[in-house]
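Please open the structure in your viewer and keep the selection tool at hand. The tour below goes from one selection to the next and says what is found at each stop.

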Amino acid sequence: MNHPTDPHKMTQAGTSVGTHAGYMPGFGNDFETEALPGALPQGMNSPQRCNYGLYGEQLSGTAFTANPPERTWCYRIRPSVKHSHRYEKIELPHWKSAPCVDPDVISLGQYRWDAVPHSDGGLTWLTGMRTMTTAGDVNTQVGMASHIYLVTDSMEDDYFFSADSEMLVVPQEGRLRFATELGIIDLEPKEIAILPRGLVYRVEVLEGPARGFVCENYGQKFELPGRGPIGANCMANPRDFKAPVAAFEDREVPSTVTVKWCGQFHTTKIGQSPLDVVAWHGNYAPYKYDLRTYCPVGAILFDHPDPSIFTVLTAPSGQPGTANIDFVLFRERWMVAEDTFRPPWYHKNIMSELMGNIYGQYDAKPQGFVPGGMSLHNMMLPHGPDREAFEKASNANLGPDKLDNTMSFMFETRFPQHLTPFAANEAPLQDDYIDCWTSLEKKFDGTPGKK
Ligand SMILES: [Fe+2]
């Protein structure tokens with residue numbers, strides 16, 4: 001473009017491109033956002049009087065001295081102490097926390113479940129949570145739990161926060177809205193959301209019934225994995241993570257806040273909506289990510305790499321390289337390796353692997369691992385392709401082959417996972433799963449060169 005009168009005139013971009021309305025791009029950025037003009041103090045955090053008569057308040061996700069600290073400054077209609085009154089204990093019997101080791105439940109084994117069906121009764125995000133496994137100890141902020149959620153009803157004047165955990169949400173069916181203190185996240189299958197520890201929110205059903213998976217992370221927050229020799233690109237790119245812009249409501253109606261704290265649930269009654277943050281800035285915020293933007297890398301000549309190359313997010317433990325939780329994605333991709341057994345090999349693993357199917361067919365198990373279903377291969381228990389997958393992969397004509405219509409994931413943890421009574425007795429467990437390896441035959445007869 002020519003600017004004959006001013007040769008140094010530059011053409012400046014308008015609002016950022018590629019950003020969906022209502023969200024800000026980037027992973028762990030120091031975001032800033034305000035729902036009313038001038039609500040966010042500039043150049044300082046704690047002015048003597050905040051604009052609009054707002055209260056300044058810090059939400060800390062790490063100890064003050066952690067490096068880097070993760071915290072967000074909120075400018076809200078009321079301070080959070082006004083959203084917390086006396087507490088009354090309640091029971092949510094299907095939502096379990098570690099340690100949850102039932103002497104009548106055997107967790108040693110290979111397990112697989114069909115999709116947990118919806119029930120007739122109305123279920124919310126709180127009453128519809130069904131814990132499948134727990135690992136570690138919620139009281140020492142170590143380990144995790146895996147859940148299925150079955151949600152038909154929106155929370156109305158009901159709010160929730162978990163002091164125990166960061167929640168990773170993986171929808172499989174239906175659409176949900178997470179109306180949070182820090183903004184609105186709409187979520188549908190093929191996306192995930194992360195809700196940080198301590199964040200207050202309510203969950204609305206945009207399209208129901210909704211079903212999906214949750215990984216409750218008791219430990220250090222999820223972060224992007226180290227890329228090592230892969231370098232700066234591919235896998236999950238930081239720009240594809242989206243944090244919500246500020247949103248608030250000024251609604252004075254009798255309301256209930258439910259709190260998960262050290263594995264127990266309590267409610268407190270308040271007189272208004274706690275979603276009253278008008279402006280905020282900081283790096284401790286909810287976010288979502290579109291799994292279709294995950295760029296897988298893999299073998300392009302021979303052999304099958306470890307599944308760690310498909311890590312989307314990792315939650316570290318104190319031991320470097322050994323995650324409290326890895327969130328791993330198995331999505332559409334090309335298989336091109338020559339002279340290679342392409343599906344996952346047979347293995348035993350010190351890590352415990354819980355998988356879920358979002359849609360399609362998984363390459364190591366052509367049958368039985370269905371959308372909405374889960375499988376568990378616990379610490380040091382052998383598993384691998386069933387006979388059908390083994391024979392097909394061993395005899396396939398190895399041209400380039402697209403694995404299409406497939407999206408599964410794994411919650412992998414360094415800790416053994418214990419089944420809940422619900423997982424063992426009520427969820428649709430496939431009793432014959434172990435038999436998928438029974439028909440694998442001995443091929444060895446001492447003849448050299450036999451394949
Ligand atoms: Fe495995």
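Begin with the largest nonpolar core, which has 51 residues, a nonpolar core being a set of buried Ala, Val, Leu, Ile, Met, Phe, Trp, Tyr and Cys residues joined through side-chain atoms within 4.5 Å. Select Trp113, Leu168, Val170, Phe222, Phe327 and Phe411, the residues with the most contacts inside this core. Strand S20 contributes the most to the core, with 5 residues; strands here are DSSP runs of E with at least two residues, and helices are runs of H or I with at least four, numbered from the N terminus. A second, separate core of 34 residues can be picked up through some of its members, including Met24, Met155, Ala210 and Val277.

Before going further, note that this is a predicted model, in which local features need pLDDT of at least 70, side-chain atom pairs count only at pLDDT 80 or more, and totals for chains, interfaces and linings use all residues. Residues are numbered from 1 along each chain as its sequence is written, and side-chain values use heavy atoms, with hydrogens and water left out.

A search of the whole structure finds 2 cavities of 30 Å³ or more, where a cavity is a set of points, on a 1 Å grid over the protein atoms alone, at which a 1.4 Å probe fits but cannot get out, and lining residues have an atom within 4 Å of a point. Grid points are joined across faces, edges and corners, and a volume is the space filled by probe spheres set on the points.

For the second largest cavity, of about 30 Å³, select Leu224, Pro225, Arg227, Met235, Ala236, Thr311 and Val312, which line it.

Now select Asp114, in the loop between strand S6 (110-113) and strand S7 (129-137). Is Asp114 buried, partly exposed or exposed? Asp114 is partly exposed because its relative accessible area is 33%, which falls between the limits of under 20% for buried and over 50% for exposed (1.4 Å probe, protein chains only). The side chains of Asp114 and Gln430 are joined by a polar contact of 2.6 Å.

The last stops concern the backbone. Most residues other than glycine have a negative phi, and most peptide bonds are trans. The bond from Asn67 to Pro68 is cis, with omega near 0°, and Pro68 lies in the loop between strand S3 (55-60) and strand S4 (71-76). Another cis peptide bond joins Ala98 and Pro99. Finally, select Tyr52, whose phi is near 65°, and Asp303, whose phi is near 75°.

Methods:
Polar contact = N/O pair within 3.5 Å; in protein donor to acceptor, adjacent residues only side chain to side chain. 1 Å grid on protein atoms, 1.4 Å probe; cavity = no way out; pocket = protein on both sides within 12 Å on 5 of 7 lines; lining within 4 Å.
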